[in-house]
Amino acid sequence: MDFQLTAEQRRLQHKCRELAADFATRSAAHERDASHPVENYDRLRAEGFLGLTVGKEWGRLGASFLDHTSAYEALGQGCLSTVLAFNLTSPIRPMVWQFSPSK
């Protein structure tokens with residue numbers, strides 16, 4: 001699909017591609033050794049990605065479902081293990097709230 005990304009969404013995607021390039025330098029070793037890419041998790045934390053989907057009203061990034069999806073697609077280009085583990089532990093409640101019938 002061709003989504004018309006905003007400038008902010010393109011910046012997020014670009015940042016994720018930069019991170020993915022870094023992750024890719026270690027990905028094969030982690031796959032071979034069946035090890036956790038903890039340095040990638042540390043990098044995501046340092047870059048503020050733990051708050052990716054947490055609202056701006058709480059001082060975080062406030063990413064939409066499309067933001068989240070395009071970010072993780074770009075990150076996955078570098079290390080699928082990182083994205084899988086990070087996505088499974090990311091706060092998704094704000095995304096669920098945006099689809100709440102009460103909104």
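Gln9 counts as buried because its relative accessibility is 12%, buried being under 20% relative accessible area, exposed over 50% and partly exposed in between (1.4 Å probe, protein chains only). The model is predicted, local features need pLDDT of at least 70, side-chain atom pairs count only at pLDDT 80 or more, and totals for chains, interfaces and linings use all residues. Residues are numbered from 1 along each chain as its sequence is written, and side-chain values use heavy atoms, with hydrogens and water left out.

Gln9 lies in helix α1. Its side chain makes a polar contact with that of Asp67 at 2.6 Å (a pair of N or O atoms within 3.5 Å; within protein, one able to donate a hydrogen and the other to accept it, with residues adjacent in sequence counted only if both atoms are side-chain atoms). Beyond its neighbours within four places in sequence, Gln9 is in contact (heavy atoms within 4.5 Å) with Gln4, Ser64, Leu66 and Asp67.

Gln9 and Asp67 are also among the residues that line the largest pocket, including Arg11, Leu52 and Lys56. A pocket is an open set of points on a 1 Å grid over the protein atoms alone, where a 1.4 Å probe fits, with protein on both sides within 12 Å along at least five of seven lines; lining residues have an atom within 4 Å of a point. The volume of the largest pocket, about 180 Å³, is the space filled by probe spheres set on the points. Its lining comprises 4 nonpolar, 3 polar and 4 charged residues, Gly being counted as polar.

Technical notes. Helix = DSSP H or I, 4+ residues; strand = E, 2+ residues; numbered from the N terminus.
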